[in-house]
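User: I'd like to learn how to read a model like this one, feature by feature. Can you walk me through it?

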Amino acid sequence: MKKEIEELYDEVYEKLADYHQLSQNYMSNLTSIPKNEREEETEKLERIEFALQAAKDILENMMTPGTKMTIMHQKGSIQIDLNE
């Protein structure tokens, strides 16, 4: 079972990295569209970026009961409190 869990962890982590790269590619492509015509798409991509960063940070950092994690991002931060 240990091997399967490790493989799942690696697969999830790789998917997050793939999605992150894809979102960056989309953001680069949006720069060719006038700013007032891409507001909704830009906002969605920023939310995707924030969610992907949070997920990646959670996977990378071991959290034990009674600890807090603050995830920093360009647009703000979130704090996760893990109850005991």
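Analyst: Let's go from the overall fold down to single side chains. This is a predicted model, so local features need pLDDT of at least 70 and side-chain atom pairs count only at pLDDT 80 or more, while totals for chains, interfaces and linings use all residues. Residues are numbered from 1 along each chain as its sequence is written, and side-chain values use heavy atoms, with hydrogens and water left out.

User: Which helices and strands does the chain have, and in what pattern?

Analyst: Helices (H or I, at least four residues) and strands (E, at least two) are DSSP runs, numbered from the N terminus. Here you get two helices and two strands, and along the sequence they come as α-α-β-β. The radius of gyration is 16 Å, well over the 12 Å that the globule rule gives for 84 residues, so the chain is more spread out than a compact globule. That radius is taken over C-alpha atoms, and the rule is 2.2 Å times the number of residues to the power 0.38.

User: What box do the C-alpha atoms fill?

Analyst: Roughly 50 × 30 × 15 Å, taken along the principal axes. Helix α1 (residues 2-30) holds K2, and from K2 to N29 you cover 27 residues in sequence and 41 Å in space, C-alpha to C-alpha.

User: How much of the chain is buried?

Analyst: Buried means under 20% relative accessible area, exposed over 50%, and partly exposed in between (1.4 Å probe, protein chains only). By that cut-off, 17% of the 84 residues are buried. K2 sits on the exposed side, with a relative accessible area of 73%. The accessible surface of the chain comes to about 6900 Å², of which 53% belongs to carbon and sulfur atoms; the areas come from the Shrake-Rupley method with a 1.4 Å probe, and for residues only the protein chains shown count as cover.

User: How many salt bridges are there?

Analyst: General idea first: side chains of opposite charge can pair when their charged atoms come close. A salt bridge is a side-chain nitrogen of Lys or Arg within 4 Å of a carboxyl oxygen of Asp or Glu. The structure holds three:
- E7 pairs with K3, with the closest N and O atoms 3.7 Å apart. Both lie in helix α1, four residues apart, about one turn of the helix. E7 is partly exposed at 43%, and K3 is exposed at 58%.
- K44 pairs with E40 at 3.4 Å between the closest N and O atoms. They are four residues apart in helix α2, about one helical turn. K44 is partly exposed at 41%, while E40 counts as exposed at 53%.
- E43 and R47 meet at 3.9 Å, N to O. These two are also four residues apart in helix α2, about one helical turn. E43 is partly exposed, with a relative accessible area of 44%.

User: What about D57: buried or exposed, and which side chain of opposite charge is nearest?

Analyst: For charges, Lys and Arg count as positive and Asp and Glu as negative; His and the chain ends are not counted. D57, placed in helix α2 (residues 39-60), is buried yet has no salt bridge, and the nearest side chain of opposite charge, K56, is 6.7 Å away.

User: And which residues does D57 contact, beyond its sequence neighbours?

Analyst: Contact means heavy atoms within 4.5 Å. Leaving aside neighbours within four places in sequence, D57 touches M69 and I71.
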